[in-house]
Amino acid sequence: METSNEKGQQVRDVIESKDGTVARLTMKEGRPLTADEDRAEQLRLNAMIADPAGYAKHVKNTESEKKMADTLVPMMADAMINTYTPGQPQSGRNNGAPEIVLDYKPNPKWNPPSTEAQALTGLQGRVWIDARTHYVVRMEGTIFRPVNFGWGMLAHIYPGGRLEMNQTNIVGDRWIFTDFSMQLSARALLVKTLNIHSTAKASDFQTIAPMSYQDAIHLLLSTPLPNR
């Protein structure tokens with residue numbers, strides 16, 4: 001997985017274990033890790049093996065970070081008005097399989113049930129759905145009007161931001177994202193303006209046998225790094 005954000009560009013090997021995801025940093029800013037950087041990464045992962053409680057806390061924190069997306073996406077069925085127009089162009093990302101293409105925009109009759117849900121009131125775009133499985137193949141969204149959180153006192157998202165996400169079927173209807181990008185400008189707490197430019201790309205998927213997070217870390221540590 002390659003990510004690019006305010007922390008720079010980083011590449012990680014990632015394994016989804018029975019207990020949760022583990023990852024090993026392999027490259028930074030387009031270059032392999034130095035010996036010292038790799039040593040620090042090995043120490044971090046070995047410490048995780050020795051501390052199951054700490055790993056469980058790490059997984060819980062990671063899940064809480066994903067909670068907003070897990071909450072907002074199901075709301076879109078009610079929060080959006082979806083329009084189907086026959087003959088819309090296919091995404092070209094689904095190996096030729098037919099897709100249903102929908103345009104969406106906010107439903108003016110929908111009342112956001114939470115502060116976070118306010119984000120959906122300023123989002124519109126298009127989604128491509130695999131016709132057989134009904135999984136999302138591609139989703140595009142644009143912030144077309146300002147969005148306030150807590151009447152603008154907590155945060156204000158400026159119009160013009162864009163979100164994009166692509167998924168692919170790896171094996172047996174196991175869908176996973178391949179690309180995600182977000183470009184937003186927001187003001188936090190009436191003071192600080194943030195320009196968020198974040199991308200993530202996943203590739204080179206492999207199916208492996210179920211394993212514990214400890215075994216997954218051992219596998220990561222035994223995998224050779226890119227040549228220095």
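Is Tyr55 buried or exposed? In this predicted model, Tyr55 counts as buried, because its relative accessibility is 3% and the cut-off for burial is under 20%. The sections below move from the chain as a whole to single residues and their partners.

The protein chain has 3 helices and 13 strands. Its C-alpha trace spans about 55 × 50 × 35 Å along the principal axes. Of its 228 residues, 32% count as buried. The accessible surface comes to about 14100 Å². Carbon and sulfur atoms account for 54% of that surface. Contacts were also sorted by separation in sequence. Among those between residues at least 6 apart, 50% join residues at least 24 apart. The chain carries 25 positive and 25 negative side chains. The centres of these two sets lie 5 Å apart.

Aromatic rings were examined next. The structure holds 2 aromatic pairs. In one of them, the ring centres of Tyr55 and Tyr213 are 3.9 Å apart and the planes meet at 5°, so this pair is stacked. The pair links distant parts of the chain, with Tyr55 in helix 2 (residues 52-79) and Tyr213 in helix 3 (residues 213-222). The two residues are 158 residues apart. Tyr213 is buried, with a relative accessible area of 3%. Tyr135 and Trp175 form a stacked pair as well, at 5.5 Å centre to centre and 10° between the planes. This pair also links distant parts of the chain, 40 residues apart. Tyr135 sits in the loop between strand 7 (123-130) and strand 8 (136-143), while Trp175 belongs to strand 12. Tyr135 is partly exposed at 38% relative accessible area, whereas Trp175 counts as buried at 8%.

Side chains of opposite charge can pair when their charged atoms come close. The structure holds 12 salt bridges. One of them joins Arg174 and Glu16, whose closest N and O atoms are 2.6 Å apart. Arg174 lies in strand 12 and Glu16 in strand 2 (residues 8-16), so the bridge ties together parts that are 158 residues apart in sequence. Arg174 is partly exposed at 37% relative accessibility. Glu16 is partly exposed too, with a relative accessible area of 48%.

A salt bridge also forms between the side chains of Arg132 and Asp173, at 2.7 Å from N to O. Arg132 is in the loop between strand 7 and strand 8, and Asp173 in the loop between strand 11 and strand 12, so parts 41 residues apart in sequence are tied together. Arg132 is exposed, with a relative accessible area of 60%. Asp173 counts as partly exposed at 31%. Glu29 lies in the loop between strand 3 (21-28) and strand 4 (31-32).

Arg162 and Glu164 form a further salt bridge, with the closest N and O atoms 3.1 Å apart. Shared partners join Arg138, Glu140, Arg162 and Glu164 into one network. Arg162 is partly exposed at 35% relative accessibility, and Glu164 is partly exposed at 25%.

Thr121 is placed in the loop between strand 6 (99-106) and strand 7. Thr121 is buried, because its relative accessible area is 18% and the cut-off is under 20%. Beyond its neighbours up to four places away in sequence, Thr121 touches Pro106, Trp110, Pro112, Phe144, Arg145 and Val147.

Key
Residues are numbered from 1 along each chain as its sequence is written. This is a predicted model: local features need pLDDT of at least 70, side-chain atom pairs count only at pLDDT 80 or more; totals for chains, interfaces and linings use all residues. Side-chain values use heavy atoms; hydrogens and water are left out. Helices (H or I, at least four residues) and strands (E, at least two) are DSSP runs, numbered from the N terminus. Rings of Phe, Tyr and Trp (its six-membered ring) pair if their centres lie within 6.5 Å; planes under 30 degrees apart count as stacked, over 60 as edge-to-face and the rest as tilted. Buried means under 20% relative accessible area, exposed over 50%, partly exposed in between (1.4 Å probe, protein chains only). Contact means heavy atoms within 4.5 Å. Accessible areas come from the Shrake-Rupley method with a 1.4 Å probe; for residues, only the protein chains shown count as cover. Lys and Arg count as positive and Asp and Glu as negative; His and the chain ends are not counted. The place of a charge is taken as NZ of Lys, CZ of Arg, CG of Asp or CD of Glu. A salt bridge is a side-chain nitrogen of Lys or Arg within 4 Å of a carboxyl oxygen of Asp or Glu.
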